[in-house]
Amino acid sequence: MKREYETEFVVLKGDCQPVLGAKTAVELGLIDINTNKFDRVSLVTKKGENLVKEFHDVFSEDKIGTLPGVQHLKTDEQVLPVIQPSRRIPISVRSRLKVELQKMEKQGVIAKVDKPTPWVNQVVICPKKNGELRVCLDPRELNKALKREHYVMPILDDVLHKLSHSTVFTKLDLKSEYWHVTIVEESSYLTTFQTCFGRYRYLRLPFGLNVSAEIFQKKVFATLEIWTALLSSLMTLSFMVLQRKSMTTT
């Protein structure tokens, strides 16, 4: 049977690996998602609301947590610093941009810069669905100087075998992602960017850097390994206690 499908393609310059979205893959019959075999469990309960209130400092919108340690961004000294020209900001979005910059400054993500810096990057503004603005760094020149760690990130095949006997799954949304990584002051000046309200620098790892993904993934894995080892020890200890109680009873 001959069928026709309509989908949207994005063509990029350079040597890129083609990616097919889940929606298109389902429509083409390449994959089949059997949602009827899953029982959805909602955790939005009164107990969950009380938990959020009790630990309001953790779930606060005005505060972004940090992963352990600080990050130093290394650059190739042979690459000369670049000061990019300021990008014009439409007057219609300037008021919203100012609100977003103030919000990011209050969250400890960025800070104002009042001294000369060898690197000045451009800024890109993207509208969100809720009407707010997403402020992104455009570090195309800085990326040429940054030294990558080339940390190998796992793919689905690397973790799929660990889920073979799993029956309960949960999804965690680590909001703000890279902003959970604190960068040292010296490195923060590399991320200086220009706006119509002055210059700012990132205090947290910004989106757009070609090193951000691997740095963030490495720190997340290191943190999860600590908690996995701790939970494993607690489970072993609990089993030993139960086994001892059982022996005492008998």
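Which side chain meets that of Lys144 in a salt bridge? The partner is Glu141, and the N to O distance in this salt bridge is 3.5 Å, where a salt bridge is defined as a side-chain nitrogen of Lys or Arg within 4 Å of a carboxyl oxygen of Asp or Glu. The structure is a predicted model, in which local features need pLDDT of at least 70 and side-chain atom pairs count only at pLDDT 80 or more, while totals for chains, interfaces and linings use all residues. Residues are numbered from 1 along each chain as its sequence is written, and side-chain values use heavy atoms, with hydrogens and water left out.

The protein has seven helices and seven strands, these being DSSP runs numbered from the N terminus (H or I, at least four residues, for helices; E, at least two, for strands). Their order from the N terminus is α-α-β-α-β-β-β-α-α-β-α-β-β-α. Of the 250 residues, 25% count as buried, a term that stands for under 20% relative accessible area, with exposed meaning over 50% and partly exposed the range in between (1.4 Å probe, protein chains only). The protein exposes about 19600 Å², of which carbon and sulfur atoms supply 58%, as computed by the Shrake-Rupley method with a 1.4 Å probe. Contacts (heavy atoms within 4.5 Å) between residues at least 6 apart in sequence join, in 75% of cases, residues at least 24 apart.

The structure holds seven salt bridges. Another salt bridge joins the side chains of Arg87 and Asp138 at 2.9 Å, N to O. Because Arg87 belongs to the loop between β1 (70-71) and α3 (91-106) and Asp138 to strand β4 (residues 133-138), this pair ties together parts that are 51 residues apart in sequence. Arg87 is partly exposed, with a relative accessible area of 29%, while Asp138 is buried at 9%.

The side chains of Arg148 and Glu214 also meet in a salt bridge, with an N to O distance of 2.9 Å. This pair links distant parts of the chain, since Arg148 lies in the loop between α4 and α5 (156-160) and Glu214 in helix α7 (residues 212-249), 66 residues apart. Arg148 is partly exposed at 41% relative accessibility, and Glu214 is buried at 2%. Elsewhere, salt bridges that share partners join Arg87, Asp138 and Arg140 into one network.

Aromatic pairs number five, counted where ring centres of Phe, Tyr and Trp (its six-membered ring) lie within 6.5 Å, with planes under 30 degrees apart taken as stacked, over 60 as edge-to-face and the rest as tilted. Phe193 and Tyr200 form a stacked pair, 5.9 Å centre to centre with 20 degrees between the planes; Phe193 is buried at 0% relative accessibility, and Tyr200 is buried at 5%. Tyr178, Trp179, Phe207 and Phe216 form one aromatic cluster. The face of Tyr189 has Lys115 over it, at 4.5 Å from the ring centre, and Arg201 likewise lies over the face of Tyr189 at 4.5 Å, the criterion being NZ of Lys or CZ of Arg within 6 Å of the ring centre and within 35 degrees of the ring normal.
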